[in-house]
Amino acid sequence: TPILRTREYLYTGDRIDAATAVEFGLASRMVPADDLRTAAHALAERLAKQPQNALSSTKQVVNMYLSQALAGPLQAGFAAEVVTMQSPEHRERLEALRERTRR
């Protein structure tokens, strides 16, 4: 599953490049930067041609599933983030980052 394959990124905070995001199923496709606007418009036009009720219903069902599947983990993640953000180590790292950006 994508979550298992992305554990290293979750644990290290490393950025996930576009090709890896597609490989892991976190993104559906990758296009060259110069073609991004054209590809986005083509997809939007394709979606606009779909039956509106069918597309809307499908979106609603997918979003409902995602909301239910992610509700517990997201709440737990947010709670963990709050605790982490209040730690002295977090404050020290933020201050070090501020100092680097001031230079």
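Here is a short walk through the chain, stop by stop.

**Before you start.** You're looking at a predicted model, where local features need pLDDT of at least 70, side-chain atom pairs count only at pLDDT 80 or more, and totals for chains, interfaces and linings use all residues. Residues are numbered from 1 along each chain as its sequence is written, and side-chain values use heavy atoms, with hydrogens and water left out.

**Stop 1: the whole chain.** Show the cartoon and you'll find six helices and zero strands (helices are DSSP runs of H or I with at least four residues, strands are runs of E with at least two, numbered from the N terminus). Reading along the sequence gives α-α-α-α-α-α. The radius of gyration is 19 Å, well over the 13 Å that the globule rule gives for 103 residues, so the chain is more spread out than a compact globule. That radius is taken over C-alpha atoms, and the rule is 2.2 Å times the number of residues to the power 0.38. Along the principal axes, the C-alpha atoms fill a box of roughly 55 × 35 × 25 Å.

**Stop 2: colour by confidence.** pLDDT is the predictor's confidence in each residue, from 0 to 100. The chain averages 90, and 99% of the residues score at least 70.

Stop 3: Of the 103 residues, 4% count as buried (buried is under 20% relative accessible area, exposed over 50%, partly exposed in between, with a 1.4 Å probe and protein chains only).

**Stop 4: select threonine 6.** You'll land in the loop between helix 1 (2–5) and helix 2 (7–12). Is threonine 6 buried or exposed? Threonine 6 is buried, with a relative accessible area of 6%. Now show what threonine 6 is in contact with: leaving aside neighbours within four places in sequence, that's Ile16, Phe24 and Leu26 (contact means heavy atoms within 4.5 Å).

**Stop 5: jump to alanine 21.** Alanine 21 sits in helix 3 (residues 18–24). At 13% relative accessibility, alanine 21 counts as buried. Which residues does alanine 21 touch, not counting those up to four places away in sequence? Ile16, Leu26 and Ala27. To finish, draw a distance between the C-alpha atoms of alanine 21 and threonine 6: these residues are 15 apart along the chain, and the atoms are separated by 9.2 Å.
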